[in-house]
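Please keep the model open as you read.

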Amino acid sequence: KIGYFEVIVFLILTFLFYNFTFTIQTDIQLHAQFIKDYADGNKPFQVNFLYYFLVYSLTFFSSESPALLLMSVYVLTIATFFKYYLVKLTFLNITNKNSIQASVFASMLLFCFSIPFFYYVLDYFYLLNFPPNIWHNSTTIFVMPFVFSLFYISVNQLQQHKNSNLLLICILIIINAVSKPSFLFVYLIAYPLMLLMTYPILTKKFWINIAPLAIAMILIVIEYLFIYQSTEVSTNSSIEIDFFRFYNNWGKGYTNISLLVMAIISSLLFPMVVILKNKQFLKQKILQTVLLFTTIAILISITLTETGLRENDGNFLWQSFMCVFLLYFSCIYLLLKEITKLGSSKKFFLEFTVFSIHFISGILYLINIFINKNYA
(Lines give C-alpha, C1' and ligand atoms only; values in the text may rest on other atoms or scores of the structure.)
Protein backbone atom coordinates (compact mmCIF):
# COMPACT_ATOMS: atom_id res chain seq x y z
CA LYS A 1 0.00 0.00 0.00
CA ILE A 2 1.00 3.64 -0.41
CA GLY A 3 2.56 4.97 2.79
CA TYR A 4 4.44 8.01 4.06
CA PHE A 5 7.63 6.87 2.34
CA GLU A 6 5.87 6.86 -1.04
CA VAL A 7 4.53 10.36 -0.40
CA ILE A 8 8.06 11.59 0.32
CA VAL A 9 9.40 9.93 -2.85
CA PHE A 10 6.60 11.50 -4.89
CA LEU A 11 7.25 14.99 -3.47
CA ILE A 12 10.99 14.72 -4.14
CA LEU A 13 10.33 13.68 -7.73
CA THR A 14 7.87 16.54 -8.18
CA PHE A 15 10.45 19.03 -6.88
CA LEU A 16 13.13 17.67 -9.21
CA PHE A 17 11.00 17.63 -12.34
CA TYR A 18 9.60 21.09 -11.59
CA ASN A 19 13.14 22.46 -11.59
CA PHE A 20 14.23 20.42 -14.62
CA THR A 21 11.24 21.88 -16.45
CA PHE A 22 11.17 25.51 -15.33
CA THR A 23 14.65 26.49 -14.12
CA ILE A 24 17.16 24.20 -15.89
CA GLN A 25 17.46 23.68 -19.65
CA THR A 26 16.69 20.05 -20.58
CA ASP A 27 14.91 18.13 -23.34
CA ILE A 28 11.64 18.61 -21.44
CA GLN A 29 11.23 22.16 -22.79
CA LEU A 30 12.18 20.99 -26.29
CA HIS A 31 9.57 18.24 -26.21
CA ALA A 32 6.93 20.68 -24.95
CA GLN A 33 7.82 22.87 -27.94
CA PHE A 34 7.25 19.85 -30.23
CA ILE A 35 3.70 19.67 -28.89
CA LYS A 36 3.17 23.41 -29.30
CA ASP A 37 4.46 23.29 -32.89
CA TYR A 38 2.04 20.48 -33.66
CA ALA A 39 -0.87 22.28 -32.02
CA ASP A 40 -0.06 25.44 -33.99
CA GLY A 41 0.17 23.47 -37.23
CA ASN A 42 3.90 24.10 -37.75
CA LYS A 43 5.12 20.50 -37.53
CA PRO A 44 3.67 16.98 -37.85
CA PHE A 45 3.09 15.00 -34.66
CA GLN A 46 5.99 12.86 -33.46
CA VAL A 47 6.03 9.22 -34.61
CA ASN A 48 6.70 8.06 -31.04
CA PHE A 49 3.63 10.00 -30.03
CA LEU A 50 2.42 8.58 -26.70
CA TYR A 51 4.24 10.93 -24.29
CA TYR A 52 3.47 13.99 -26.40
CA PHE A 53 -0.17 13.05 -26.87
CA LEU A 54 -0.62 12.32 -23.17
CA VAL A 55 0.79 15.71 -22.12
CA TYR A 56 -1.22 17.47 -24.84
CA SER A 57 -4.50 15.73 -24.01
CA LEU A 58 -4.13 16.26 -20.25
CA THR A 59 -3.88 20.02 -20.85
CA PHE A 60 -7.23 19.69 -22.66
CA PHE A 61 -5.39 20.23 -25.95
CA SER A 62 -3.86 23.54 -25.01
CA SER A 63 -1.03 25.04 -27.07
CA GLU A 64 0.08 27.34 -24.27
CA SER A 65 3.68 26.67 -23.16
CA PRO A 66 3.09 27.14 -19.38
CA ALA A 67 0.28 24.56 -19.43
CA LEU A 68 2.34 22.07 -21.46
CA LEU A 69 5.36 22.49 -19.21
CA LEU A 70 3.36 22.11 -16.01
CA MET A 71 1.66 18.98 -17.28
CA SER A 72 5.10 17.63 -18.29
CA VAL A 73 6.14 17.88 -14.63
CA TYR A 74 3.20 15.76 -13.49
CA VAL A 75 3.49 13.16 -16.25
CA LEU A 76 7.22 12.65 -15.64
CA THR A 77 6.77 12.54 -11.87
CA ILE A 78 4.05 9.89 -12.14
CA ALA A 79 6.06 7.85 -14.67
CA THR A 80 9.15 7.82 -12.43
CA PHE A 81 7.08 7.05 -9.34
CA PHE A 82 5.48 4.19 -11.30
CA LYS A 83 8.96 2.83 -12.06
CA TYR A 84 9.85 3.04 -8.37
CA TYR A 85 6.64 1.29 -7.33
CA LEU A 86 6.99 -1.55 -9.83
CA VAL A 87 10.52 -2.20 -8.59
CA LYS A 88 9.31 -2.09 -4.98
CA LEU A 89 6.59 -4.66 -5.73
CA THR A 90 9.14 -7.09 -7.21
CA PHE A 91 11.36 -6.65 -4.17
CA LEU A 92 8.42 -7.27 -1.83
CA ASN A 93 7.83 -10.62 -3.52
CA ILE A 94 11.33 -11.87 -2.67
CA THR A 95 11.87 -10.32 0.78
CA ASN A 96 8.98 -11.86 2.70
CA LYS A 97 7.02 -8.58 2.36
CA ASN A 98 9.81 -6.55 4.01
CA SER A 99 8.38 -3.15 3.07
CA ILE A 100 11.23 -1.06 4.51
CA GLN A 101 13.89 -3.03 2.67
CA ALA A 102 11.92 -2.98 -0.58
CA SER A 103 11.16 0.75 -0.34
CA VAL A 104 14.72 1.79 0.50
CA PHE A 105 16.39 -0.15 -2.30
CA ALA A 106 13.72 0.75 -4.86
CA SER A 107 14.14 4.44 -4.07
CA MET A 108 17.95 4.26 -4.06
CA LEU A 109 17.81 2.69 -7.52
CA LEU A 110 16.05 5.85 -8.78
CA PHE A 111 19.12 7.96 -7.99
CA CYS A 112 22.07 5.69 -8.80
CA PHE A 113 24.49 7.17 -11.30
CA SER A 114 27.92 6.66 -12.81
CA ILE A 115 30.87 7.39 -10.53
CA PRO A 116 32.17 10.79 -11.75
CA PHE A 117 35.59 9.75 -13.13
CA PHE A 118 34.94 11.73 -16.32
CA TYR A 119 34.18 14.83 -14.28
CA TYR A 120 37.81 15.08 -13.24
CA VAL A 121 39.16 14.23 -16.70
CA LEU A 122 36.76 15.82 -19.20
CA ASP A 123 34.50 17.95 -16.98
CA TYR A 124 31.54 15.72 -17.88
CA PHE A 125 29.27 14.14 -15.30
CA TYR A 126 26.88 12.47 -17.73
CA LEU A 127 28.33 12.52 -21.25
CA LEU A 128 30.14 9.36 -22.50
CA ASN A 129 28.93 7.35 -19.49
CA PHE A 130 26.24 4.66 -19.32
CA PRO A 131 24.35 5.76 -16.20
CA PRO A 132 21.37 3.74 -14.93
CA ASN A 133 19.26 6.90 -14.63
CA ILE A 134 18.94 10.15 -16.53
CA TRP A 135 16.87 13.21 -15.70
CA HIS A 136 16.86 15.35 -18.83
CA ASN A 137 15.12 13.38 -21.59
CA SER A 138 11.37 13.18 -21.08
CA THR A 139 10.55 10.33 -23.47
CA THR A 140 13.25 8.10 -21.94
CA ILE A 141 11.97 8.87 -18.45
CA PHE A 142 8.37 8.27 -19.52
CA VAL A 143 8.99 4.88 -21.16
CA MET A 144 11.06 3.36 -18.33
CA PRO A 145 8.21 1.71 -16.35
CA PHE A 146 7.11 0.00 -19.57
CA VAL A 147 10.68 -1.03 -20.38
CA PHE A 148 10.99 -2.51 -16.90
CA SER A 149 7.66 -4.32 -17.21
CA LEU A 150 8.52 -5.79 -20.61
CA PHE A 151 11.90 -7.00 -19.35
CA TYR A 152 10.56 -8.50 -16.12
CA ILE A 153 7.63 -10.30 -17.74
CA SER A 154 9.88 -11.58 -20.53
CA VAL A 155 12.30 -13.03 -17.98
CA ASN A 156 9.40 -14.70 -16.18
CA GLN A 157 8.29 -16.13 -19.51
CA LEU A 158 11.76 -17.61 -20.01
CA GLN A 159 11.61 -19.18 -16.56
CA GLN A 160 8.04 -20.43 -16.78
CA HIS A 161 6.06 -20.26 -20.01
CA LYS A 162 2.52 -18.88 -19.66
CA ASN A 163 0.24 -18.17 -22.61
CA SER A 164 -1.38 -15.40 -20.57
CA ASN A 165 1.90 -13.45 -20.65
CA LEU A 166 1.98 -13.30 -24.44
CA LEU A 167 -0.81 -10.73 -24.74
CA LEU A 168 0.81 -8.58 -22.05
CA ILE A 169 4.15 -8.76 -23.86
CA CYS A 170 2.45 -7.67 -27.10
CA ILE A 171 0.79 -4.72 -25.36
CA LEU A 172 4.06 -3.64 -23.74
CA ILE A 173 5.89 -3.90 -27.06
CA ILE A 174 3.32 -1.58 -28.64
CA ILE A 175 3.56 0.91 -25.75
CA ASN A 176 7.36 0.89 -25.99
CA ALA A 177 7.23 1.43 -29.75
CA VAL A 178 4.89 4.41 -29.60
CA SER A 179 6.67 5.95 -26.58
CA LYS A 180 10.35 5.45 -27.42
CA PRO A 181 11.46 2.35 -29.38
CA SER A 182 15.10 2.36 -28.18
CA PHE A 183 14.72 -0.67 -25.91
CA LEU A 184 13.13 -2.64 -28.73
CA PHE A 185 16.36 -2.34 -30.76
CA VAL A 186 17.96 -4.51 -28.07
CA TYR A 187 14.91 -6.65 -27.38
CA LEU A 188 14.62 -7.75 -31.02
CA ILE A 189 18.17 -9.11 -30.95
CA ALA A 190 18.58 -10.37 -27.39
CA TYR A 191 15.22 -11.93 -26.58
CA PRO A 192 15.25 -14.41 -29.52
CA LEU A 193 18.73 -15.50 -28.43
CA MET A 194 17.46 -16.10 -24.89
CA LEU A 195 14.51 -18.04 -26.29
CA LEU A 196 16.93 -20.21 -28.28
CA MET A 197 18.88 -20.90 -25.09
CA THR A 198 15.62 -21.84 -23.33
CA TYR A 199 13.49 -23.67 -25.89
CA PRO A 200 14.69 -25.78 -28.86
CA ILE A 201 14.01 -24.02 -32.16
CA LEU A 202 11.67 -26.73 -33.44
CA THR A 203 9.37 -26.64 -30.41
CA LYS A 204 5.99 -24.96 -30.31
CA LYS A 205 6.96 -22.86 -27.27
CA PHE A 206 9.81 -21.21 -29.16
CA TRP A 207 7.62 -20.06 -32.04
CA ILE A 208 4.73 -18.97 -29.81
CA ASN A 209 7.08 -16.81 -27.75
CA ILE A 210 8.88 -15.31 -30.70
CA ALA A 211 5.63 -14.30 -32.44
CA PRO A 212 5.22 -10.97 -30.52
CA LEU A 213 8.56 -9.82 -31.91
CA ALA A 214 6.96 -9.60 -35.34
CA ILE A 215 4.86 -6.75 -33.96
CA ALA A 216 7.98 -4.98 -32.72
CA MET A 217 9.70 -5.38 -36.09
CA ILE A 218 6.72 -4.04 -38.03
CA LEU A 219 6.36 -1.01 -35.74
CA ILE A 220 10.06 -0.15 -35.93
CA VAL A 221 10.05 -0.40 -39.73
CA ILE A 222 7.02 1.90 -39.88
CA GLU A 223 8.71 4.42 -37.57
CA TYR A 224 11.92 4.25 -39.61
CA LEU A 225 10.03 4.99 -42.81
CA PHE A 226 8.21 7.93 -41.22
CA ILE A 227 11.37 9.42 -39.70
CA TYR A 228 14.04 8.81 -42.33
CA GLN A 229 12.04 8.65 -45.53
CA SER A 230 10.00 11.79 -44.92
CA THR A 231 10.84 14.80 -47.07
CA GLU A 232 12.04 16.92 -44.15
CA VAL A 233 14.41 14.40 -42.54
CA SER A 234 15.59 12.13 -45.37
CA THR A 235 17.66 14.85 -47.04
CA ASN A 236 19.41 15.77 -43.79
CA SER A 237 19.71 12.61 -41.67
CA SER A 238 20.42 8.93 -42.03
CA ILE A 239 21.69 5.96 -40.01
CA GLU A 240 25.26 4.77 -40.51
CA ILE A 241 27.72 2.32 -39.00
CA ASP A 242 30.40 4.58 -37.60
CA PHE A 243 32.30 3.24 -34.60
CA PHE A 244 32.66 5.62 -31.66
CA ARG A 245 31.22 8.65 -33.50
CA PHE A 246 29.82 10.03 -30.25
CA TYR A 247 33.14 9.48 -28.47
CA ASN A 248 35.00 11.17 -31.33
CA ASN A 249 32.71 14.18 -31.08
CA TRP A 250 32.99 14.60 -27.30
CA GLY A 251 36.19 12.81 -26.29
CA LYS A 252 38.50 15.86 -26.39
CA GLY A 253 41.32 13.89 -28.00
CA TYR A 254 41.38 10.89 -25.65
CA THR A 255 41.49 7.46 -27.29
CA ASN A 256 38.12 5.79 -27.76
CA ILE A 257 39.16 2.57 -26.03
CA SER A 258 40.39 4.40 -22.93
CA LEU A 259 37.14 6.38 -22.78
CA LEU A 260 35.04 3.24 -23.19
CA VAL A 261 36.95 1.38 -20.46
CA MET A 262 36.56 4.35 -18.12
CA ALA A 263 32.85 4.58 -18.93
CA ILE A 264 32.30 0.88 -18.23
CA ILE A 265 34.17 1.01 -14.92
CA SER A 266 32.48 4.21 -13.73
CA SER A 267 29.01 3.09 -14.81
CA LEU A 268 29.11 -0.65 -14.15
CA LEU A 269 31.35 -1.01 -11.11
CA PHE A 270 28.48 -2.22 -8.91
CA PRO A 271 27.31 -5.00 -11.27
CA MET A 272 30.94 -6.00 -11.89
CA VAL A 273 31.59 -6.38 -8.15
CA VAL A 274 28.35 -8.32 -7.65
CA ILE A 275 29.14 -10.78 -10.45
CA LEU A 276 32.81 -11.24 -9.56
CA LYS A 277 31.97 -11.94 -5.92
CA ASN A 278 28.88 -14.05 -6.62
CA LYS A 279 29.60 -16.10 -9.72
CA GLN A 280 26.70 -18.42 -8.84
CA PHE A 281 24.36 -15.60 -9.89
CA LEU A 282 25.40 -16.24 -13.49
CA LYS A 283 23.22 -19.35 -13.40
CA GLN A 284 20.15 -17.18 -12.88
CA LYS A 285 18.06 -16.50 -15.99
CA ILE A 286 17.45 -12.86 -15.01
CA LEU A 287 21.18 -12.08 -14.91
CA GLN A 288 21.95 -14.02 -18.09
CA THR A 289 19.22 -12.06 -19.87
CA VAL A 290 20.15 -8.61 -18.60
CA LEU A 291 23.86 -9.13 -19.32
CA LEU A 292 23.03 -10.00 -22.92
CA PHE A 293 20.69 -7.00 -23.17
CA THR A 294 23.28 -4.61 -21.73
CA THR A 295 26.11 -5.90 -23.92
CA ILE A 296 24.04 -5.48 -27.08
CA ALA A 297 22.81 -2.06 -25.93
CA ILE A 298 26.37 -0.75 -25.47
CA LEU A 299 27.51 -2.29 -28.77
CA ILE A 300 24.68 -0.47 -30.55
CA SER A 301 25.61 2.81 -28.87
CA ILE A 302 29.23 2.67 -30.08
CA THR A 303 28.43 1.25 -33.53
CA LEU A 304 25.40 3.06 -34.96
CA THR A 305 25.04 6.79 -35.42
CA GLU A 306 22.82 9.32 -37.10
CA THR A 307 24.15 11.87 -39.54
CA GLY A 308 23.00 15.34 -40.44
CA LEU A 309 20.62 17.31 -38.25
CA ARG A 310 20.29 14.53 -35.65
CA GLU A 311 24.00 13.66 -35.37
CA ASN A 312 24.51 15.05 -31.86
CA ASP A 313 21.12 13.95 -30.48
CA GLY A 314 22.61 10.67 -29.24
CA ASN A 315 19.53 8.69 -30.23
CA PHE A 316 21.44 5.39 -30.21
CA LEU A 317 22.51 5.87 -26.59
CA TRP A 318 19.14 5.70 -24.85
CA GLN A 319 18.86 1.88 -24.87
CA SER A 320 22.16 1.60 -22.97
CA PHE A 321 20.83 3.70 -20.07
CA MET A 322 17.65 1.62 -19.98
CA CYS A 323 19.53 -1.69 -19.91
CA VAL A 324 22.04 -0.52 -17.30
CA PHE A 325 19.12 0.34 -14.99
CA LEU A 326 17.78 -3.18 -15.54
CA LEU A 327 21.24 -4.56 -14.76
CA TYR A 328 21.37 -2.65 -11.46
CA PHE A 329 17.86 -3.82 -10.63
CA SER A 330 18.72 -7.44 -11.39
CA CYS A 331 21.81 -7.36 -9.17
CA ILE A 332 19.87 -5.89 -6.24
CA TYR A 333 17.08 -8.39 -6.90
CA LEU A 334 19.48 -11.32 -6.63
CA LEU A 335 21.23 -9.89 -3.57
CA LEU A 336 17.95 -9.35 -1.71
CA LYS A 337 16.83 -12.84 -2.65
CA GLU A 338 20.05 -14.28 -1.24
CA ILE A 339 19.82 -12.15 1.93
CA THR A 340 16.27 -13.38 2.54
CA LYS A 341 17.48 -16.96 2.19
CA LEU A 342 20.54 -16.49 4.44
CA GLY A 343 18.88 -14.16 6.96
CA SER A 344 21.88 -11.81 6.94
CA SER A 345 23.47 -9.18 4.69
CA LYS A 346 26.99 -9.25 6.22
CA LYS A 347 28.32 -11.35 3.36
CA PHE A 348 27.49 -8.58 0.89
CA PHE A 349 29.11 -5.60 2.61
CA LEU A 350 31.36 -4.78 -0.37
CA GLU A 351 28.51 -5.02 -2.86
CA PHE A 352 26.30 -2.61 -0.92
CA THR A 353 29.23 -0.26 -0.28
CA VAL A 354 29.81 0.08 -4.03
CA PHE A 355 26.06 0.42 -4.59
CA SER A 356 26.03 3.26 -2.05
CA ILE A 357 28.87 4.96 -3.93
CA HIS A 358 26.75 4.92 -7.09
CA PHE A 359 23.81 6.30 -5.08
CA ILE A 360 25.95 9.11 -3.62
CA SER A 361 27.25 9.80 -7.15
CA GLY A 362 23.64 10.25 -8.23
CA ILE A 363 22.99 12.77 -5.46
CA LEU A 364 26.19 14.65 -6.41
CA TYR A 365 25.06 14.63 -10.04
CA LEU A 366 21.74 16.26 -9.08
CA ILE A 367 23.58 18.86 -6.99
CA ASN A 368 25.88 19.53 -9.95
CA ILE A 369 22.86 20.05 -12.22
CA PHE A 370 21.39 22.60 -9.82
CA ILE A 371 24.68 24.45 -9.38
CA ASN A 372 25.76 24.57 -13.02
CA LYS A 373 22.29 24.53 -14.60
CA ASN A 374 23.62 21.86 -16.96
CA TYR A 375 22.97 18.12 -17.08
CA ALA A 376 26.12 17.22 -19.08
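In this predicted model, helix α7 (residues 138-159) and helix α8 (residues 163-179) have axes that come within 9 Å and cross at roughly 155°. Angles over 145 degrees count as roughly antiparallel, so α7 is roughly antiparallel to α8. The crossing of the two helices is left-handed.

Which residues make the contact between α7 and α8? From α7, they include Phe-142, Phe-146, Leu-150 and Ile-153, while α8 contributes Leu-166, Ile-169, Leu-172 and Ile-173, among others. Sorted by class, the contact of α7 with α8 has 12 nonpolar and seven polar residues, with no charged ones.

Now to the cysteines. How many disulfides does the structure hold? The count is zero.

| Cysteine | Nearest cysteine sulfur | Distance |
|---|---|---|
| Cys-112 | Cys-331 | 11 Å |
| Cys-170 | Cys-323 | 20 Å |

Are these two cysteines buried or exposed? Cys-112 is buried, with a relative accessible area of 0%. Cys-170 also counts as buried, at 16% relative accessibility, because the cut-off for buried is under 20%.

Finally, have a look at Ser-103, which is found in helix α5 (residues 99-111). At 4% relative accessibility, Ser-103 counts as buried. Leaving aside residues up to four places away in sequence, Ser-103 touches Phe-5, Glu-6, Tyr-84 and Lys-88.

Technical notes: Residues are numbered from 1 along each chain as its sequence is written. This is a predicted model: local features need pLDDT of at least 70, side-chain atom pairs count only at pLDDT 80 or more; totals for chains, interfaces and linings use all residues. Side-chain values use heavy atoms; hydrogens and water are left out. A disulfide is a pair of cysteine sulfur atoms within 2.5 Å. Buried means under 20% relative accessible area, exposed over 50%, partly exposed in between (1.4 Å probe, protein chains only). Helices (H or I, at least four residues) and strands (E, at least two) are DSSP runs, numbered from the N terminus. Contact means heavy atoms within 4.5 Å. Axes are lines fitted to C-alpha atoms, for helices over the stretch in contact, and angles run from 0 to 180 degrees between N-to-C directions. Angles under 35 degrees count as roughly parallel, over 145 as roughly antiparallel, 65 to 115 as roughly perpendicular and the rest as oblique. A crossing is left-handed if the near helix is turned anticlockwise from the far one by less than a right angle, and right-handed if clockwise. Ala, Val, Leu, Ile, Met, Phe, Trp, Tyr, Cys and Pro count as nonpolar, Asp, Glu, Lys and Arg as charged, and the others, Gly among them, as polar.
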